[in-house]
Amino acid sequence: MSKNLQEELNRWEKTTLQKVISKSPERQPSFQTTSHIEMKRLYTPLDLQEMDYCEDLGFPGEPPFTRGVQPTMYRGRLWTMRQYAGFATAEETNKRYKFLLQQGQTGLSVAFDLPTQIGYDSDHPLADGEVGKVGVAIDTLKDMEILFDGIPLDKVSTSMTINSTAAILLAMYIAVAEKQGVKSNVLQGTIQNDILKEYAARGTYIFPPLESMRIVTDIFAFCKDHVQRWNTISISGYHMREAGCTAVQEVAFTLSDGIAYVEAAIRAGLDVDSFASRLAFFFCCHNNFIEEVAKFRAARRLWSKIMKERFKAKKDESCMLRFHTQTAGCSLTAQQPDNNVVRVAFQALAAVLGGTQSLHTNSRDEAYALPTEDSVRIALRTQQIIAYESGVADMIDPLGGSYAVETLTNEIEKKALEYIEKIEAMGGAIKAIESGYIQGEIAESAYQYQKEIETKKRIIVGLNQFQVEEQPLRDILKINPEIERYQKEKLARVKKERDNIKVKQCLAVLKKAAQGTENLVPPILEAVKTYATLGEISDTLREVFGEYREQ
Amino acid sequence: MFRYLKIGVWSLSGIFDLDLGRYALCSMLLAQGGFMNRKIRVLIAKPGLDGHDRGAKVIARALRDAGMEVIYTGIRQTPEQIANAAIQEGVDIVGLSSLSGAHMSLFPKVVQILKEKGAEDIIVFGGGIIPVDDIPLLKQAGIREIFQPGTSTEDIIQYIQENVKTTGISKSEA
């Protein structure tokens, strides 16, 4: 059959196709994905001759998970609709969470402000101007109690975008749950806790890499015994993609980071099957629809092989790449912002067709500011329309078997693996980051992308083509500058009312633990319960670990 | 201690680094050769805690490709560090990038410190996620131009070329 097909294809190219092409050439001499994968005009079974269905695709819920991680996928349960939100104070953000839950959102996702992410209290000089700006300000357990006031922590799952201070925020979450009468072993959620990509792209590191990795693996070990349903890390390609890398690089850099975490945990004495099922991933979903769908499928298959072959994981769950997706913030335009609703819808659809476990859809006004309530509602409705109206959630991996999607899945896997091997040859992800290799690759791709836009090799509707005369958006969310003062006053009050002797004792215990090798999470948990501040706890660790400086 | 990334190099030779001593030597050599038009020197800086530096890096590289000498500070710089670097490096112009919403506190401080140190001739411009209503206030505070999302690097290059006068030797070298 395939011989006939080859002959038929040749015939078609020479006759029917040639007739048209000789008269009117195609729009471009070649067509490439963002990862510079050459897209063929037409994919046929000839492109998949090597494919072994059972080996390469298999069945949902079984390795290599190409078609999805659950046996029923969205027929069983829809993905978690989880809008990343947080701004100003815990009081304000608590209101937004209640609004989102009332609108049908099914999980929470906490955005913290930069001082919270970098271990400074709101009254620190470096926090000047940053308090409550890109997320909610959390200084002490008091703020965390307000943030989740009236939200039952045994019912919702909560994702927290927090990295260098992840142990502190997780400890605060556990402490709030305890006050609600909820035990830590029923808590569900995720901490990002992916410090490697902070050095590579996002920048909220505090400590040097080795010390940071110790905290990461301490969290793995603690959660394995006490917070068993918690995703202890969300290994993130999102921020590297937003910083400019391609789809293939996103898969490669993320899985390389994943390898580094698994190695670190094994070195710390953990059995691979005791923690690997709690590793989660976080990807971006950009504009090139087919490439993005293929990317998610390729990442799942590749990770499954890595866990099985390299780390000898025995449990299937250890090999599952479960992931959260956020649509691409960097694809939003300030020009004709309503067009962003359409971009986000396509990206969200690709994420769903790629088999995501949870999804954040960006809002149309995010090239200007944090989104307004109206914009967030449209973003959430976009997910609900995909879920309830489009029909794509009613069957598993509906694009599986498409000649094009399967071929791209293969190519992305192959190219990502080549990158991973290159990084391995450099000594792994940590070394590749320390040497600036990954940052350099990201910056290079970002620059090329910008050049493509400026030379109109890449068309962005409303930005470099189809422009209109327009006024910039003015109706945007504004953070009241007064909240900085309010937050500082609240902090001062907590510091006055707490038992300062107890705080000092707890911080001393933490310092001793940091100097030794014992797990850092229990002393951090004790410290947050005394209302020790996030800054005090971070400073205690800074004294022992030192601080990382960009090379 | 101030740390920065060395991005720009003299494209004439490629062997000159951007530390001050060698720069002065290079200027002297060029001056002796009768080559008085020097390149525009730019500091691209990330004030505050914001780590999003895709835009800053793209612009730094575009300016370098346009023939300017560019120093990028790296992330997490205080206004003091930025102003000091601008003076030490003898730049003509400083570009500030912020996406975290802290621009109203941070941008004016850079201008103010430059003024206090007698370096008010260094032009300061900015970009990032800056609400339009903040732009007049920033301009009042001495930030000469604000570039919004979607600006092409060509526009920024043109702005700098039109606003920086490069004939002769800059004040910091004199």
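Residues are termed buried under 20% relative accessible area, exposed over 50%, and partly exposed in between (1.4 Å probe, protein chains only). The structure is a predicted model, in which local features need pLDDT of at least 70, side-chain atom pairs count only at pLDDT 80 or more, and totals for chains, interfaces and linings use all residues. Residues are numbered from 1 along each chain as its sequence is written, chains are lettered from A and ligands numbered from 1 in the order in which they are written, and side-chain values use heavy atoms, with hydrogens and water left out.

Salt bridges were assigned where a side-chain nitrogen of Lys or Arg lies within 4 Å of a carboxyl oxygen of Asp or Glu. This rule gives 45 salt bridges over all chains. Within chain A, E8(A) pairs with R11(A), with 3.1 Å between the closest N and O atoms. Both residues belong to helix α1 (residues 2-23) of chain A and stand 3 residues apart, about one turn of the helix; helices (H or I, at least four residues) and strands (E, at least two) are DSSP runs numbered from the N terminus. E8(A) is partly exposed, at a relative accessible area of 42%, and R11(A) is partly exposed at 42%.

A salt bridge also joins the side chains of R310(A) and E263(A) (2.6 Å, N to O). This pair links distant parts of the chain, with R310(A) in helix α12 (residues 289-310) and E263(A) in helix α10 (residues 247-267) of chain A, 47 residues apart. R310(A) is partly exposed at 35%, as is E263(A) at 29%. In the salt bridge of D338(A) with R364(A), the closest N and O atoms are 3.4 Å apart. Here D338(A) lies in the loop between β9 (323-327) and α13 (339-353), and R364(A) in the loop between β10 (358-360) and α14 (373-388) of chain A, 26 residues apart. A network of salt bridges links R67(A), R297(A), D397(A) and E406(A).

Contact between the chains (heavy atoms within 4.5 Å) involves 43 residues from chain A and 34 residues from chain B. The two chains bury about 3000 Å² between them, 52% of it on carbon and sulfur atoms, where buried area is the accessible area (1.4 Å probe) that two parts lose on being put together, summed over both. On the side of chain B, the residues losing the most area to chain A are L49(B), R54(B) and R76(B), together 25% of what that side buries.

Across this interface the rule finds 4 salt bridges, one of them between E444(A) and R61(B) (2.8 Å, N to O). Elements giving two or more residues to the side of chain B that touches chain A are α2 (54-65), α4 (103-116) and α6 (153-163) of chain B. The largest share, 6 residues, comes from α2(B). K57(B) is placed in helix α2 of chain B and is partly exposed at 24% relative accessibility. Not counting residues up to four places away in sequence, K57(B) touches A443(A) and Y72(B).

In α6(B), the buried residues are T153(B), I156(B), I157(B), Y159(B) and I160(B). Seen down the helix axis, they fall within an arc of 160 degrees, so they line one face of α6(B); the arc is that of the directions from the helix axis to the C-beta atoms. These buried residues pack against α17 (437-454) of chain A together with α2, β4 (93-98), β5 (123-128) and β6 (145-147) of chain B. Exposed residues E154(B) and E162(B) are carried on the face of α6(B) turned away from its buried side.
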